[in-house]
Amino acid sequence: MPSLPVRAYTDRLSYERGDQVSVHVSAADPVDVRLVRLISASTDEPSLDRPVDWQAAARYDASLAPTCVGSFLHGDPGPAATASHTRATLGAFVYSGDVGSAPVQSLVSLASGPRAPWPRVPAG
């Protein structure tokens, strides 16, 4: 996977007006942070985007924060689980930075059981 010069995420996926936003950034150099209203999601037409006045907009120091690409969750069954439990519910926000790597990738894999394949969606 190619190295990205800046990687960032917020502490939540959704905010209400007036909520405090916490942004976590990994970068080798200082980063310019600004707020932009996206009018179009197309990267071909960024001229439609509008800057938003924001008092926290500035240049901030950053440092590299190594992450495990292909992160995972590992854990034991909870105290309410019994041997007869055969179902589990998981929720995930999935982003693959390397969608061209394999036509099928596993999102969920159980050591002794089934897996849920994630079919690659062609770009375009």
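A: Start with exposure: a residue is buried under 20% relative accessible area, exposed over 50%, and partly exposed in between (1.4 Å probe, protein chains only). The model is predicted, so local features need pLDDT of at least 70 and side-chain atom pairs count only at pLDDT 80 or more, while totals for chains, interfaces and linings use all residues. Residues are numbered from 1 along each chain as its sequence is written, and side-chain values use heavy atoms, with hydrogens and water left out.

Q: How many salt bridges does a search of the whole structure find?

A: Side chains of opposite charge can pair when their charged atoms come close. A salt bridge is a side-chain nitrogen of Lys or Arg within 4 Å of a carboxyl oxygen of Asp or Glu. The search finds two.

Q: Which side chain does Asp32 meet in a salt bridge?

A: Asp32 pairs with Arg59 at 2.9 Å, N to O. The pair links distant parts of the chain, 27 residues apart: Asp32 lies in strand β3 (residues 31-33) and Arg59 in strand β6 (residues 58-60). Strands here are DSSP runs (E, at least two residues), numbered from the N terminus.

Q: Are Asp32 and Arg59 buried or exposed?

A: Asp32 and Arg59 are both exposed.

Q: Which side chain does Asp19 meet?

A: Asp19 forms a salt bridge with Arg12 at 2.8 Å, N to O. Asp19 is partly exposed, at 34% relative accessible area, and Arg12 is partly exposed at 37%.

Q: Where is Leu35 found?

A: Leu35 is in strand β4 (residues 35-37) and is partly exposed, with a relative accessible area of 39%.

Conventions: Helices (H or I, at least four residues) and strands (E, at least two) are DSSP runs, numbered from the N terminus.
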